[in-house]
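Please look over the structure shown here before reading on.

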Amino acid sequence: MDFFLHIGMQKAGSKAIQRFLGQNSDFLKGRGLDCALDLRSGIWHEHIFTNYDGATDEKLNAMTYLSPAAVLSFERAYAAPNQTIEALLSHCRSAKVIFFCREPVAWANSMKNQVLKAHRTRLSDWQALTFESGRYTVGLESGAHLERWEQMLGRSAIRSVAFKPQINVVPVFADWLGVPAETLASDSAPLENPNRALDAYGIRVMLDVKRRIIDTDDATHVEAVKLCHAVLSDRMVDTRTQAAPLLLTPEEIEECHTKFGHGMNSVLKRYGGGSGFTLEEQAPAMTCFTPTSEERDLAREIVARARANNPGNSAT
């Protein structure tokens, strides 16, 4: 069996790729490419790369007798430990890896927006997302991880591709798989952004909502964020056509360039043959995070509705 491994990175088109795989799984299987849908757990094939176990090994072994090739996808797979990579490779004759990478400042800003609007992340998680805390390191120091993959596969088996929100990654990915674009399902390209960003208004509302539920139970917390998403849906930013608010300070931007800019450019040059990143369009920096009276009233209403929907919560 041959493996085609999409290993990252976060915030670089992973959902569009996984949507394409799910939508075209029967077609791809007919071309000898098994999308291993039965092995999905967590975020697509997250379990394989983060919790490889005996059951996973048995399923992969059985799959080798059924299909000539398999496609696996997980946005943080590049950070898988060596023993997991070795276990995977023991089931295949050859493996190819694709890694979509993003300009560091744009990636960090997108991650900060994403963490804020995530259902289960608390306000403290968002506040801890700083360069000093090291929370960005796993995502932005991918070069060291790719070197481990290179040691096992060789450089020619790894391909890095520069990602921008305006670019549809699906044709690039399909071409890498060796699938002609004209043979794909007519709706393979994502019709809408599956992971839109909060605008400035939404950021202030979400911050105030999470401040008000800082000590509440998980069920109420998730319900409040879910309601917040619904209320703010019409205001969310499709980053393919509009830049999301810039949440990083000038000092953080400089630190991001200094710490990670060279490394990410090196990844693109070493495995993609490109000349490096071009900067993504940036919105003006967001300078006011204090909610207006209207935004506070909306946050208060959202939290009240969430608590009413979960009357047994232990909120303070």
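**Salt bridges in a predicted model**

Arginine 212 and aspartate 208 sit four residues apart in helix α11, about one turn of the helix, where helices are DSSP runs of H or I with at least four residues, numbered from the N terminus. This is a predicted model, in which local features need pLDDT of at least 70 and side-chain atom pairs count only at pLDDT 80 or more, while totals for chains, interfaces and linings use all residues. Residues are numbered from 1 along each chain as its sequence is written, and side-chain values use heavy atoms, with hydrogens and water left out.

- Arginine 212 forms a salt bridge (a side-chain nitrogen of Lys or Arg within 4 Å of a carboxyl oxygen of Asp or Glu) with aspartate 208, and their closest N and O atoms are 3.0 Å apart.
- Aspartate 208 is buried at 3% relative accessible area, whereas arginine 212 is partly exposed at 23%; buried means under 20%, exposed over 50% and partly exposed in between, with a 1.4 Å probe and protein chains only.

- Arginine 122 forms a salt bridge with aspartate 218, with 2.8 Å between the closest N and O atoms.
- Arginine 122 lies in the loop between α6 (104-117) and α7 (123-127) and aspartate 218 in helix α12 (residues 218-232), so the pair ties together parts that are 96 residues apart in sequence.
- Arginine 122 is buried, at 17%, but aspartate 218 is exposed, at 51%.

**Whole structure**
- A search of the whole structure finds 12 salt bridges.

How values were computed
Helix = DSSP H or I, 4+ residues; strand = E, 2+ residues; numbered from the N terminus.
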